Amino acid sequence: DVTANRKLENDLRVSEARFRDLTKLSADWFWEQDENYRFTMLSGNLLKHTGVSIESRLGKKRWDIPSLNLSESDWEAHRAVLDARQPFSNFETRRLDRGGRQIWTSVSGMPLFDTAGKFLGYRGVGRDISDRKRAESELLKLNADLEARVAERTVELARSNQELESFSYTVAHDLRAPLRAILGFGGLLLEDHGSRLPADALGNLQRVLASAARMGRMIDDLLQLSQLARRPLSLASVDIAAFSRELIAELAGAEPARSVGVVAPDSLPAAGDASLLKIALQNLLGNAWKFTSGAPQARIEIGEAQTVHGRAFFVRDNGAGFDMAYAGKLFKVFQRLHSSKEFEGTGVGLATVKRIIQRHGGRVWAESAPGLGATFYFTVPTGQLHSPS
């Protein structure tokens, strides 16, 4: 009865046919080596995917074929793996095909043993990775170009910022002398001859002096803004609430006739440069104090809240407020949403706040509506921070 044998033979033919079909469809090729590491079998996909003929490889060892990327020490390391009868994977070589085109291949292999444990050679799979290598090379080249461009632009930007800040600093200093002259001689003229000047002349002189004084404040603010970028941060633990109470007390001392309700927690711990954060709060609280001057029951609140940008501190008032359609102008230099006749100011304070908060790695934004007050939020590191010793 040979039925069982015929079934085994048929199963073997089916299995071999399946293997051949899958081999033809695969993007990989398959290989075998004998105990001396000479190629004894290579599937037809080697020629199909790499342009390398099977005949040029049979009977040869892998290191008999010139490689463009491997040194003798690399081959010695590979042979050590083979001599130890260890499996290997993703062993990459770069060679030339019959047409002189460079091709990259990646091979993986497993050692073969007979039932008695005798070493028979290796069997494995290979793959053409030339497209991937070319893409990696292009990506590395693009990254190098991008890094070079970024470095170049960074240098240009740093140079431009330095020139701009130097220009602002120089201009501001150069403007101080003529301003001092205007204010000095104008003040003398007003003091010595003001009573004898006609009313219209006296009014014009007072407007000149007021404008010169306002320009002086703008120069001071501009100088402070230009110095922020050059000033190194000195990080330490700070208390936003304590700073706020101190600054509110100064504002109240300057205008004792005003009654402003102030709400603040006992403590708002944060981390940052104490003097810079104090300047930022001085501008925010100064604005809140100024814009609540027309409110019947002025109120300023300092606190913290959970926002879409994370935990943030805020300064809130019930003053004049502003239209959010113009919020994009808030933090730009010399941009004001109220006329100088309504509220005094130079238009530099909020730009200073933004510069300080950004230097701390945070962000600042505002929410408001006309007649309903405004809330300014800002983020800086919260909690305790120990300065490096």
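Predicted model: local features only at pLDDT ≥ 70, side-chain atom pairs only at ≥ 80, totals over all residues.
Visitor: Tyr 37: buried or exposed?
Guide: Numbering runs from 1 along each chain as its sequence is written, and side-chain values use heavy atoms, with hydrogens and water left out. The cut-offs are under 20% relative accessible area for buried and over 50% for exposed, with partly exposed in between (1.4 Å probe, protein chains only). Tyr 37 comes in at 8% relative accessibility, so it counts as buried.

Visitor: Where is Tyr 37 placed?
Guide: Tyr 37 isn't a glycine, yet its phi is positive, about 70 degrees. Helices (H or I, at least four residues) and strands (E, at least two) are DSSP runs numbered from the N terminus. On that count, Tyr 37 sits in the loop between strand 1 and strand 2.

Visitor: And Asn 90, what's its relative accessible area?
Guide: Asn 90 is another non-glycine with a positive phi, near 55 degrees, but you'll find Asn 90 in strand 3. Asn 90 is exposed, because its relative accessible area is 54%.

Visitor: How much space lies in the largest cavity?
Guide: A cavity here is a set of points on a 1 Å grid over the protein atoms alone where a 1.4 Å probe fits but cannot get out. Points are joined across faces, edges and corners, and volume is the space filled by probe spheres set on them. Searching the whole structure turns up one cavity of 30 Å³ or more. The largest cavity holds about 210 Å³.

Visitor: Which residues lie nearest its centre?
Guide: Lining residues have an atom within 4 Å of a point. Strands 1, 2, 3 and 4 and helix 2 each give two or more residues to that lining. Of the 16 lining residues, those nearest the centre are Trp 29, Leu 46, Arg 57, Arg 95 and Thr 105.

Visitor: Which element has the highest mean pLDDT?
Guide: The chain as a whole averages 84, and 88% of its residues score at least 70. Among its elements, helix 1 (residues 3-25) has the lowest mean, 75, while the highest, 96, goes to helix 3 (residues 72-83).

Key: pLDDT = per-residue confidence, 0-100. 1 Å grid on protein atoms, 1.4 Å probe; cavity = no way out; pocket = protein on both sides within 12 Å on 5 of 7 lines; lining within 4 Å.
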